Amino acid sequence: MSPVAVATAETASQETLETASEVLVLEELLVEEISIDGMCGVY
Amino acid sequence: MSASQLVTQLKRGLDAPICLTWELTYACNLQCVHCLSSSGQRDDRELTTEQAFAVLDELRDLQVFYINIGGGEPMIRRDFFDIIEYSIANDIGVKFSTNGAFIDEKNAQRLAAMDYLDIQISLDGVDAITNDPVRGVGSYDIARRAMDNLKAANFGPFKISVVVTRHNVDQLDEFKALADSYGAQLRITRLRPSGRGVDSWNDLHPTNEQQVQIYNWLLAHGENVLTGDSFFHLNAIGEALPGLNMCGAGRVVCLIDPIGDVYACPFVLHDQFKAGNVHDAGGFTSVWRDSELFTSLREPESAGACASCGNYDSCQGGCMAAKFFTGLPLDGPDPECVIGHGEALLAERQASPVSITPKPSKDHSKPARSALSVVS
Amino acid sequence: MTLTLSSACALHPQVALRPEPFGALAYHYGNRRLVFLKHPDVVRVVRELGDHPSIAHTLRACGIATERDASFLQALNQLTKSEILRVC
Ligand SMILES: C[S@@+](CC[C@H](N)C(=O)[O-])C[C@H]1O[C@@H](n2cnc3c(N)ncnc32)[C@H](O)[C@@H]1O
Ligand code: SF4
Ligand code: SF4
């Protein structure tokens, strides 16, 4: 994964995006949860 | 939609599977007409208890957190409890699938006393009339008795696993109500034309109209029902269903069969999708990390004939197993493509004079396959 | 509750971390949640949280630039919600 910070709209609401552009913080999506039971190829 | 960056990462494969299915035996008390592993009779080459423990040692070292045990009927093995207890003691959580025949009161209590254990009872109809033609005479009562025993033993929320067919698709609400009545979790999955399903799929798989019905039902019930991400081919209809929306075979999941052969996923038990065996030099770890098959499954796939369709990003061309066992090219539409592209191809195949649908590489069906009939 | 830079937290005892090229997988044996830690830096921070009096101390000790504090706080908050971390 690229070490450079990336802006993501996936979890950020409109609100946080606006704040982000004002305050100039680096926004990274560092963690993401998936379901252990949610992968195709398991019965 | 779930994060595409993560999915890209997952498609390139991981150091170890996230979840792996391990079929302990090909022996089964039932002979379901759709059985993906064509189970029935035990294979002489099945792993011994010691060999099974060695596989678990390796999975522990790989930090596989969770395994999914199946078969055949896994509880038929005399060392079933030894194996799951060994697994859990080594920090590998267990979920096992069962038809329920061996969950009597005593076993239910034993299971209820264990931590890190999930149980999935299979049921393909909300009544015997719907269930038994697929899973066998008496199998509905067997499954319900197992559920009653688990409830009485206070096992907690077990799972009820339903393969959606043409005949039970109208019962989804009733399945949900049944699961709720047990405090259980409903899991519905897609029927694949695998194993004995090669022969029964035509009569059992949902019609195009019913697929839309499943999609709408899933949209409405979203997070409360588990699907194992198995219905992602339906995403071409519209808004994406919750899930990763990707084929996990050889990337985040795989299958170890009763004799130790490693396949890309439980639904592709065919030589073409066999990556190796746990007895090979380097063991399971090398098979997972270095086998030619798994390496190729982690390379970017081509959309092939789907490239000209605007929906490829949402449906990913569907399921490799479904295409393979219906004789369709792997880089093209799923036989159940909701736009209808698969159906057209299938019709062409069926009109062709030579049959080219592959058969599963192993068949452990009992010799007298009497009274196997599919409702239509 | 929401974590701030001065909060203290640590990896939950029922959580295991598995290294992966992009970072790590975190799995909670109790609630069966699986979380991807998508950067090696966040893996280091999560491993060290329990050794420092606050999140700020941990971030500085791991050499994380202050511009990234907000992202790390957001991530740690999400991990607390999933019980991958517990508040001390
Ligand atoms: C192969 S069985 C093995 C474990 C156990 N005997 C049981 O029936 O649960 C595991 C699960 O796969 C499901 N299954 C069987 N054939 C299938 C197929 N062709 N497509 C999708 N699922 C299938 C079964 O209904 C069951 O829920
Ligand atoms: S082959 Fe089909 S069932 Fe197996 S993981 Fe891929 S999409 Fe899922
Ligand atoms: S699906 Fe049916 S035949 Fe196959 S293993 Fe399970 S119970 Fe046995």
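How many residues of chain B are in contact with chain C, and how many of chain C with chain B? In this predicted model, 19 residues of chain B meet 16 residues of chain C. Between them the two chains bury about 1,500 Å², and 60% of that lies on carbon and sulfur atoms. On the chain B side, the most area is lost by B:Gln63, B:Phe65 and B:Tyr116, which together account for 41% of what that side buries.

Now the polar part. There is one salt bridge across this interface. C:Arg32 pairs with B:Asp118, with the closest N and O atoms 2.8 Å apart. Eight residue pairs are in polar contact between chain B and chain C, both residues at pLDDT 80 or more. Helix 1 (4-11) and strand 4 (117-122) of chain B each supply at least two residues to this side. Helix 1 gives the most, with four residues. By class, the side has 12 nonpolar, four polar and three charged residues.

Next, chain A. Here 34 residues of chain B are in contact with 13 residues of chain A. The buried area is about 2,100 Å², 61% of it on carbon and sulfur atoms. The count of salt bridges is two. One of them joins A:Asp37 and B:Lys95, at 3.0 Å from N to O.

Helix 1 gives the most here, with four residues. The classes are 16 nonpolar, 12 polar and six charged residues.

Note on methods. Residues are numbered from 1 along each chain as its sequence is written. Chains are lettered from A and ligands numbered from 1 in the order in which they are written. This is a predicted model: local features need pLDDT of at least 70, side-chain atom pairs count only at pLDDT 80 or more; totals for chains, interfaces and linings use all residues. Side-chain values use heavy atoms; hydrogens and water are left out. Contact means heavy atoms within 4.5 Å. Buried area is the accessible area (1.4 Å probe) that two parts lose on being put together, summed over both. A salt bridge is a side-chain nitrogen of Lys or Arg within 4 Å of a carboxyl oxygen of Asp or Glu. A polar contact is a pair of N or O atoms within 3.5 Å; within protein, one must be able to donate a hydrogen and the other to accept it, and residues adjacent in sequence count only if both atoms are side-chain atoms. Ala, Val, Leu, Ile, Met, Phe, Trp, Tyr, Cys and Pro count as nonpolar, Asp, Glu, Lys and Arg as charged, and the others, Gly among them, as polar.
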